[in-house]
Amino acid sequence: MPTPARRQYLDIKAQYPDALLAYNIGDFYEFFDRDAEVAARELHLTLTARTFGPDELVPLAGVPVHAIHVYAARLVARGYRVAICDQVSPAGRGLVRREVTRVLTPGTVVEPGMLAATRETNLAAIAFGKRDPATGIPRAIGLAWADASVGAFGCVQWPAEDLPHALQAELARLGPAEVLISKPVADEEALAADWLGAYRLTSCAEDAFEPESARIRLCRHFNVATLAGFGCESLPLATAAAGAIVHYIGRVNASLLPLLSDLRTYETRGFVEMDGRAWRALEVVEPSHSEYASGQRGVTLLSTLDMTRTAMGARLLRRTLLHPLRDRATLEARLDAVGELVGAVGPRQRLGSLLDGLGDLERLAARVTQGAAVPRELFGLASGLSRAPAVIAALEGCDAAELREAQAALDPCDDVRELIARAVADPSEATGRRVRAGYSPELDALVESASETRRWIAALEGIERERTGIRSLKVGYNKVFGYYIEITRPNLSRVPSDYQRRQTIATGERFVTAELKEHEARALHADERIEALDGELYAGLLMELARAHPRLRQTAQALARLDLWLAFAEVAIARRYSRPTLTDDTSLEIIGGRHPVIEAALDGVEFIPNDTQLADLNAGAAQSRAMLLTGPNMAGKSTYLRQVALITLLAQAGSFVPAQSARIGLVDRVFARVGAEDDLARGLSTFMLEMVETAFILRHATERSLVVLDEVGRGTSSTDGLAIAQAVIERLCAVTGARTLFATHYHELAELAETLPRLGAYHMEVAEREGQAIFLRRVSPGASNQSYGVQVARMAGLPAEVTARAEALARNHLIAGDVTARVAETAAVYDGRSDGASGADELVSDADRELTLALASMNLVAMTPLEALNLLFSLQQRALASLGMPAPRAP
Ligand code: ADP
Ligand code: MG
């Protein structure tokens, strides 16, 4: 039989099986049993044991109460949930009452010390609709997300035809720290792993996602009768996901619920769509791990552009880069704001100095609403708000609509500042109280009476010395006995009769008097009442301030926007960026374009600008819409490709661009794929992955898209690689019509440009001097005629006989003839495409080839059985899909 104490622990633990339970006992939070083993391993704590009853010894690891947040942060960062169990009744006789007061999870942490200042921490929830029995794909999916550290809350729903790519693109933008799914979905490992493998999943009870109860839960949460005002009334899965968020946050930390006061239903069609790999290939917010690195480790487009001055601005910059837009009017409005600041020295400088050192008002306001803000934070909030009038003045006379709107949205919140100044104690005065003197007469009276009592006690020493004539008499205090009068041994005979002896010490004895005890009791009582009243008044104050949350958040967001436009303007000035011209056609024209990140990293060395001309779809067939860029390794191909994509993204984020001039026909999607980038973690060999993604691009690119393919086809033998590369280019040019940049060191491919309409061949110029290749970094029309591999080998010090022999071999092996033959061959395939003759047989054989390739390139040795099973599952799905057969049911 467990003891009652052990029973209590086990009961609480049973309610939080998926969390590590930090159990408060005295000055420690203790972990027990398996939790102790995990905590000891992850936090490098000593694992000991504790008796929990007469003959039960259980593993134990503990951390001091004051350090729990530091340790919990580490556990959460590693993906654990930590349930904090506190004592909720004062220590006394019998069992102390304990309760889990909150659960720290990766997606719901809000503690300032546990959050990254410059990025959002999002919690997402995904509700899956009923599956199509044939494909296994849900008929619709809803997603909701919340950033509880600022109170942002949104939801969206997609129909089957957008799946899974729209979901995956949104997840890549949100980068959620934690994703909630329902238990049945989590149990279907293949789906969870395939679609959501990259995220930390938390499974919730199925009814948390049930649309009708979610709707009711949300109505209750918002205190409304219908969700129509939130725009999700007719989107049951978006509603279900939003309901799951409220359910979960209510369970792990209910104090955050008041923050979720507004739910925004949105669509993702307005954003440029990109998948996670494209973001990484372009190193927008995260460095990629591919062989291509932009010179310095960890440098990204975000880090290069981040001239924001506030944490709110830095978060907004990150979000803006992750949400490039397709709507020209919105982008023009942003560019107007940036442009005006570029041109106006005065406002720019004034705004800059006002934003310097400005606190994170957005998160401070949320701390108020959560009821967690301490006086120091309230002072920070007030001092930040006090800059608003000057910011409003600095924007006086500005024309750009965005600037005027931000100016209008700024609310100095005088009432908030006034209340904080009047009611909150200055933390530097260290009175131990949070409420300022003068705010509450009742509190002031208590404080006064307590200090009067203390003054009486302080005066007692002098009075008693006089009365007794003992000059060494002392009044002291300790925790056990409270106040006492201490008399040294030689003077004991002179102790008055009203002294009561309490304690003997080495040098004398300690006494109390009835009067002293009475004053002491009065002081202690007053202290208790002061603390209680101070706490009550302060909580009321936070509640009153919380009423201003919408205005505070609106002001914080306006300041963040100003910070962002200013940062864009300052980058534009410092790096000579220009305002792009945006168009609704499908052309792309860049004069003197540069790579923003590499240019900034090459300090001292000049970056060589290059032009790009891709014609509109309706332009004559003689004008190219696709570039085939050849050139040896290290010539600058990858840099050029990314520079075009990054200039496009920057323009569609509303920023100026690193080019002399740019005319950009707005793109709907950017596909970026770098060959030979391994992803062993997913158990897919390079080549397999390359093909899976290339297939995806071919299926989803539109004539509005921008496709950037860098060395695709490199992961296999050169014959196969060439063949695949060629087929892909043909498809993109002849069928899809997307603007395409294709870089390859297979210079043989350039001949394609002669036969394929709309494909232009270009090469990176290389000069040769005394057997050495000199890279000029210039993009020129025409194909490069050699790969310079031999020159590079020579530069690397290979013996002369070897390089001479290699040169001779290379001459014999030129396979230009082969390429021409293949061009004819594939042209025939495409001619047959339109005559309707391609029946199921041909489909099967295509699918066969694809599956054979996939199988051949599997790296079985590097896979876990589960990964192998997942792969097998996805291969089977594709086989079934190509045959139009339904998935077999589980027995
Ligand atoms: P490739 O893809 O052809 O092998 P990269 O694009 O990786 O070549 O370029 C190699 C290096 O050359 C880059 O890391 C960069 O330092 C430098 N580089 C590339 N383009 C330029 C340029 N336009 N101006 C200056 N340096 C460049
Ligand atoms: Mg390259």
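What follows describes the helix and then the surroundings of the ligand.

This is a predicted model, in which local features need pLDDT of at least 70 and side-chain atom pairs count only at pLDDT 80 or more, while totals for chains, interfaces and linings use all residues. Residues are numbered from 1 along each chain as its sequence is written, chains are lettered from A and ligands numbered from 1 in the order in which they are written, and side-chain values use heavy atoms, leaving out hydrogens and water.

Let's begin with α23, residues 637-653: its 17 residues span 24 Å from first C-alpha to last, close to the 24 Å expected at 1.5 Å a residue. Because 17 of its 17 residues are buried (under 20% relative accessible area, 1.4 Å probe, protein chains only), α23 is largely enclosed by the rest of the structure. After α23 comes Gly654, with a positive phi near 95 degrees.

Now to ligand 1. Around it are 14 residues, each with a heavy atom within 4 Å; the closest are Ile608, Met634, Lys637, Ser638 and Thr639. The largest share of this shell, three residues, comes from α23.

| Residue | Part | Ligand 1 atom | Distance |
|---|---|---|---|
| Ile608 | backbone | nitrogen | 2.9 Å |
| Gly636 | backbone | oxygen | 2.9 Å |
| Arg777 | side chain | oxygen | 3.1 Å |

Taken alone, ligand 1 exposes 560 Å², and the protein buries 84% of that.

Methods
Helix = DSSP H or I, 4+ residues; strand = E, 2+ residues; numbered from the N terminus. Expected span 1.5 Å × (residues − 1). Buried < 20%, exposed > 50% of the residue type's maximum accessible area, 1.4 Å probe, protein only. Polar contact = N/O pair within 3.5 Å; in protein donor to acceptor, adjacent residues only side chain to side chain. Areas by Shrake-Rupley, 256 points an atom, 1.4 Å probe, with all protein chains shown as cover.
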